[in-house]
Amino acid sequence: MRPFPPLDAIATKIINLLINCSSPTHLHQIQAQLILHNLHSNTTVAHHFINASHSLRLLASALRLFNRLPKPHVFILNSLIRAFSHNHTPFIPFSIYAHMNRKSIRPNNFTFPFLLKSLSDFKGLREGQCVHAHVVKLGQLDDIYVQNALLNLYASCGDMGLCMQVFDEMPQRDVVSWTVLITGFRSAERFDDALIAFERMQYAGVVPNHVTMVNALSACANYGALEMGVWIHDFIRMRGWELDVILGTSLIDMYGKCGRIEEGIAVFRDMKEKSVYTWNSVIKGLALAKSGEEAVRWFIQMEQEGIKADEVTLIAVLCACSHSGMVEMGRKIFDSMMNREDGFSPGVKHYACMIDLLARAGILEEAMEMMTQMPFEPTKAMWGSFLAGCRTHGDLELSEFAAKKLVELEPGNGSYYVLLSNIYAEMGRWSDVVKLRRLMKEGELRKELGFSSIELPQENV
């Protein structure tokens, strides 16, 4: 329980002033009264002062005030750690914790969750491991809130080995524990492990929440696990969950990436509220399905409904134009980006989409001109798109030029040497083929093997 001692009349008056405090000047005046009446060591008054300081973004003043105490109560320091954690101030909570140790102030189970959350936010793995050791030493590891905070720390820092170790040692796991594990695997792009954890969660009888489902759907989308994604959608319907913006958008994204954009559009129509991210998911899904004209129609409808396109929207619609050969529409959209009045200008990915569009259509000179005149250095993806277009349309000289650029950008990639060697062979330049093969052998360069994965129907497995 929080240590709220009986208050005298002055303390009660100061608390009322703190509750209604609305300006830095007023707060500084109250702070002077705290010091004058020696009330800053009172935990109840300190709690309200920290809350007021947080609201007015003056937590540094609160920290200086309580640092003056020879040995502040653990509740005051916990309140400071919590406030700075919510304020996303790097490593200040950890410095407060270090101050506690120097002053021999024993932390309790309320100290660690917000301290660990702060370290999670700023990827403080080394500091977090120190805190973990203290948690074990002080016998606080049995608290599930502390355990979940440790899970979140390791998952946020990308150390899924330590995260799994903490998880496996937990005697009890709640929905937060499982969700943190699934989210960690998803963030680490270990999508198969995320889905295995999600299945284990079902066998354990723990009911998922919205956050669990959003992360599981993201894993399904990136792993191509359509069957699991459909199961999640059925679960949402059976539970009668409302399709809010985040959950609905996640479903649309999953269906789009799994090649079932029609179901994604049905989800879109069922949603009461949509954001630009929801529209983006539909347009991206249509782009992946090579339904360029439909994607452009949705883009136009989006603007007509007053939804302002962002850079992701424009990348998606340009990709749709590229995959469907809609050169004029792509040019029109790209030109409109150049002339926007809101300060938005095309980025590397927008130029990459345009170069891909032009190269696919065989408009190679214009694509080359764009690469030389744009305000960025051409990337590997751009040269790769350009090379693919050159080879498709039989321009061997430009193919050679693009392949050489790729070799310059990544001289250790044997695949580019093989491409260049094949181009020389098509041109009948056999002496150059021999030189390249010898260079690859001397540098021990090999072409990397490709791979793909598909989800098979259950009866075929």
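Is Glu 189 buried or exposed? I looked this up first, in what is a predicted model, where local features need pLDDT of at least 70, side-chain atom pairs count only at pLDDT 80 or more, and totals for chains, interfaces and linings use all residues. Residues are numbered from 1 along each chain as its sequence is written, and side-chain values use heavy atoms, with hydrogens and water left out.

**Loop residues**

Glu 189 is exposed, at a relative accessible area of 61%. I take buried as under 20% relative accessible area, exposed as over 50% and partly exposed as in between, with a 1.4 Å probe and protein chains only. Glu 189 lies in the loop that joins α11 (175-187) to α12 (191-203). Helices here are DSSP runs of H or I with at least four residues, numbered from the N terminus. I noted a positive phi of about 60° for Glu 189, which is not a glycine. Most residues other than glycine have a negative phi.

I found a positive phi also at Lys 123, near 55°, again in a residue other than glycine. Lys 123 sits in the loop between α7 and α8 (125-137). With 52% relative accessibility, Lys 123 counts as exposed.

Gly 240 belongs to the loop between α14 (226-239) and α15 (245-257).

**Cysteines**

How many disulfides are there? The count is 0, with a disulfide taken as a pair of cysteine sulfur atoms within 2.5 Å. The closest cysteine sulfur to that of Cys 319 is in Cys 353, at 3.4 Å, which is too far for a bond. Cys 319 is partly exposed at 26% relative accessibility, while Cys 353 is buried at 8%.

**Helix pairs**

For axes I used lines fitted to C-alpha atoms over the stretch in contact, with angles from 0 to 180 degrees between N-to-C directions. Angles under 35 degrees count as roughly parallel, over 145 as roughly antiparallel, 65 to 115 as roughly perpendicular and the rest as oblique. Contact means heavy atoms within 4.5 Å.

Helix α5 (residues 74-86) packs against helix α7 (residues 111-121) at about 30°, with axes 9 Å apart. That makes α5 and α7 roughly parallel. I logged their crossing as left-handed, meaning that the near helix is turned anticlockwise from the far one by less than a right angle (clockwise would be right-handed). The contact of α5 with α7 has 4 nonpolar, 5 polar and 3 charged residues. In this scheme Ala, Val, Leu, Ile, Met, Phe, Trp, Tyr, Cys and Pro are nonpolar, Asp, Glu, Lys and Arg are charged, and the others, Gly among them, are polar.

The axes of α21 (residues 348-360) and α22 (residues 364-373) come within 8 Å and cross at roughly 160°, so I list α21 and α22 as roughly antiparallel. This crossing is left-handed. From α21 the contact includes Tyr 351 and Met 354, and from α22 it includes Leu 364 and Glu 366. The residues of this contact divide into 9 nonpolar, no polar and 1 charged.

For α3 (residues 43-55) and α4 (residues 59-67), the axes come within 7 Å and cross at roughly 150°. The pair α3 and α4 is therefore roughly antiparallel. Among the contact residues are Phe 49 and His 54 of α3, and Leu 65 and Phe 66 of α4.

Technical notes:
Helices (H or I, at least four residues) and strands (E, at least two) are DSSP runs, numbered from the N terminus.
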